[in-house]
Amino acid sequence: MTAAFMDLVDVTIVNIAIPSIQRSEHATFSQIQWITAGYALAFAAGLVTGGRLGDIHGRRRIFLIGIGGFTLASALCGLAANPETLVAARIAQGATAALMVPQVLSIVHATFPAHERGKVFGLFGAIVGLGAVSGPLLGALLIEWNPLDLEWRAIFLINLPVGVAGLILGRRFIAESKAPHALKLDLVGVALVTAGLLMLLYPLTRGHETGWPLWGYVSMPGSLAVFAALVAYERHKTARDGSPLIELPLFRVKSFAAGIAVQTVFGIALGVFFLVWTLYLQTGLGWSVLKAGLTGIPFSLAVSVAAGLSVQKLVPRFGRKVLQAGALLMAAGVLLYLAESERYGLAITPWQMALPLLVMGAGMGLIVAPLTDAILSGVPREHAGSASGLISTVQQMGNALGLGLVAVVFFGVMDDHLAPAAVGPAFVDAFEYALGWVAAVLTAIFLLMFALPARPTTETDESATSAP
């Protein structure tokens, strides 16, 4: 949970600091986008491999390597001399997080019996909410207080004591676990999944700054051919030695396949919203970093409370309807936010944003914790690493897709060269346009959720069954 908290704080804390990094380092929009998307790309590309390495070499061992590497990469981010170095360090952060994060769910899945996992995932949901509230607020306070004149660098250096604590706790308390049968790392599968993800995501993140060249339109459809080749090779690898990178039979489990689809699209919605929201508050409305950070408190508290309630009280009674209610609540909150922005424009206040953010946060909380439990509920324990890696991969892939789409649904609707007086209105208009897209994606998530099992799965540790 310490590692999960550190990862979540790191993602949200960077968003709030983006305008400060842009001003102090004179970073271009492309570099700013890469500070966020570079992390997401490296994270997404390495997660399946990270999960499989835990199955093979031991989840505790890979977890400790990952958290140690993540802490070191955080130090490199904090000491970066220019935007290019910061982007490289962020990519290293994403790669080491890909070793650390999949082990969190794998260790939970392998350590706790089925009837206890719901409580643990409820705690995990609360950690998600706490990370969401702590990141922006901690980032705002650190940048506002500016300890030792570190400016934005403090947001990365704060990871050092947390990472050291995670290493100490991990070495002392986590029991080792791995797949019961000897497995080998599927290097061809690693190459194919990495190539496919980069071919899909790289053109999206570079498209706006390069004028959407032809190679991007070739690369993105070409990624589908690479993914098709990956599926064919994984089937061959399974038949040959039983050590594929991706356990394709997992997708025969209805709860897993449906949940993966929901997770991907949900990641897109979050990737779009959080980046454009930060730019809207600080660049469009001209608010200070502290004011922007405090504005997000209602959202994050609502996420934390609703996440705990959803797993403990609501899902056991109402099943899938809880997640669908969450999607509709989030969409309603986004539309309410849109209405408030249209009504008040540049004069909007944090108090006028509070109700939309509370509704959105409650909706997100109803989704995040039970969705993870629903996806993993029918997965056999020996495949926990592969399944957890896939869950995190598609979430980050969706997030990176969302970050890439910001170039289309936000920057794509404003002029590249704005007069100073036109910046505020242009950012407000672009934010409202992006909110319309986010609401549409959340509606699609609601419809996708009909494919989830109607009731929670009653799974035994030894077998995998999908809910009716």
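Begin by selecting D55, which counts as buried at 1% relative accessibility; buried means under 20% relative accessible area, exposed over 50% and partly exposed in between, with a 1.4 Å probe and protein chains only. The model is predicted, so local features need pLDDT of at least 70 and side-chain atom pairs count only at pLDDT 80 or more, while totals for chains, interfaces and linings use all residues. Residues are numbered from 1 along each chain as its sequence is written, and side-chain values use heavy atoms, with hydrogens and water left out.

**The charged network**

D55 and R52 are separated by about one helical turn because they are 3 residues apart in helix α2. Helices (H or I, at least four residues) and strands (E, at least two) are DSSP runs, numbered from the N terminus. R52 is buried, with a relative accessible area of 0%.

Next, select R59. R59 forms a salt bridge with D55, and the closest N and O atoms are 2.8 Å apart. R59 and D55 are both buried.

With R52, D55, R59 and E247 displayed together, one network can be followed, joined by salt bridges that share partners. By the rule given above, the count comes to 4 salt bridges.

**The domains**

Now colour the chain by domain. The domain assignment gives domain 1 (1–177), domain 2 (187–244) and domain 3 (249–453); such bounds come from an automatic or database domain assignment. Select domain 1 and domain 3, whose C-alpha centres lie 19 Å apart. Their contact, meaning heavy atoms within 4.5 Å, takes 44 residues from domain 1 and 43 residues from domain 3.

The area buried between these two domains is about 3,600 Å², of which carbon and sulfur atoms give 70%. Buried area is the accessible area (1.4 Å probe) that two parts lose on being put together, summed over both. In domain 1, display L105, H109 and F121: these lose the most area to domain 3, together 15% of what that side buries.

The largest share, 19 residues, comes from α5. By class, this side of domain 1 has 28 nonpolar, 10 polar and 6 charged residues. Here Ala, Val, Leu, Ile, Met, Phe, Trp, Tyr, Cys and Pro count as nonpolar, Asp, Glu, Lys and Arg as charged, and the others, Gly among them, as polar. Between domain 1 and domain 3, the count is 0 salt bridges.

**A last stop**

Finally, select V11 in helix α1. V11 is partly exposed, with a relative accessible area of 27%.

Conventions: A salt bridge is a side-chain nitrogen of Lys or Arg within 4 Å of a carboxyl oxygen of Asp or Glu.
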